[in-house]
Amino acid sequence: MTEGTTSAAASAAAAAEGGDTLTRLEQEGEIAADYLEGLLDIADLDGDIDMDVEADRAAVSIISDANSRELQKLVGRDGEVLEALQELTRLAVHRETGDRSRLMLDIAGFRAKKRTELAELGAKAAVEVKSTGQPVKLDPMTPFERKVVHDAIAAAGLRSESEGEEPQRFVVVLPA
């Protein structure tokens, strides 16, 4: 086999794998949506399910045009109920597929809003580190929150690390 043929075969295999990944993530979203629709029925809450694939993971959102205050019950204080529902939904997907899921759940736009706030926090910390040259330790955060901050720090051209033990794990922003 020539080098060009090997490269073409590898590209075709990667494309097939990418298609398989997309199909698998879409299946995760469908399973999660079914699970969450059942949950909404049991809780007698109105909400529409939106599914997508973002950053190599299934993303499912529960949205409502009507009274989003009702959906806030599923978010809880600082997203604690949302985190628990995400884990339960991941377990439901795991039960059906046998594979560990990295599915992200958002309810009433809570995570989208939080993502914006955390990106701003990361950008501000990066500016502080660049101006002082000293590391900055942020408050403890959930894994989702830390990931968003790490991404914002990387976008600013700096490094960051997570330190501590759950639930007191936090981000440290380091000089370049």
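## Cores and helix packing in a predicted model

In this predicted model, L105 is in contact with L36, V60, I62, L82, L85, Q86, T89 and R111, once its neighbours within four places in sequence are left aside. Apart from the core to which L105 belongs lies another core, of 15 residues, among them L118, V148, I153 and V171.

The largest nonpolar core holds 17 residues, and the members that touch the most others in it are I62, L74, L105 and I107. At least two residues of this core are supplied by each of α1, β2, α2, α3 and β3, and the largest share, 4 residues, comes from α1. In soluble globular proteins, nonpolar side chains tend to be buried together.

The protein chain as a whole contains 5 helices and 6 strands, which follow one another from the N terminus in the order α-β-β-α-α-β-α-β-α-β-β. Of its 176 residues, 32% count as buried. Among the contacts in the protein chain with a separation of 6 or more, 55% are accounted for by residues 24 or more positions apart.

How do two of these helices, α4 and α5, pack against each other? Two packed helices are described by the angle between their axes and the distance between the axes. For helix α4 (residues 110-132) and helix α5 (residues 143-155), the angle is about 45 degrees and the axes are 8 Å apart, which makes α4 oblique to α5. The crossing in which α4 passes α5 is right-handed. On the α4 side the contact is formed by R111, K114, R115, L118, A119, G122, A123 and A126, which meet F144, E145, V148, V149, A152 and I153 in α5. By class, the residues of this contact divide into 9 nonpolar, 1 polar and 4 charged. L118, V148 and I153 from this contact are also among the members of the core of 15 residues, while R111 is also one of the residues in contact with L105.

Is D48 buried or partly exposed? Its relative accessibility is 46%, so D48 counts as partly exposed. Not counting residues up to four places away in sequence, D48 touches S61, I62 and I63, and I62 is in turn one of the residues in contact with L105. D48 and A33, which are 15 residues apart in sequence, are 9.5 Å apart in space, C-alpha to C-alpha.

Note on methods: Residues numbered from 1 in each chain as written. Predicted model: local features only at pLDDT ≥ 70, side-chain atom pairs only at ≥ 80, totals over all residues. Heavy atoms only, no water. Axes fitted to C-alpha atoms, helices over the stretch in contact; angles between N-to-C directions. Parallel < 35°, antiparallel > 145°, perpendicular 65-115°, else oblique. Left-handed = near helix turned anticlockwise from the far one by under 90°. Contact = heavy atoms within 4.5 Å. Nonpolar A, V, L, I, M, F, W, Y, C, P; charged D, E, K, R; others polar. Core = buried A, V, L, I, M, F, W, Y, C linked by side-chain atoms within 4.5 Å. Buried < 20%, exposed > 50% of the residue type's maximum accessible area, 1.4 Å probe, protein only.
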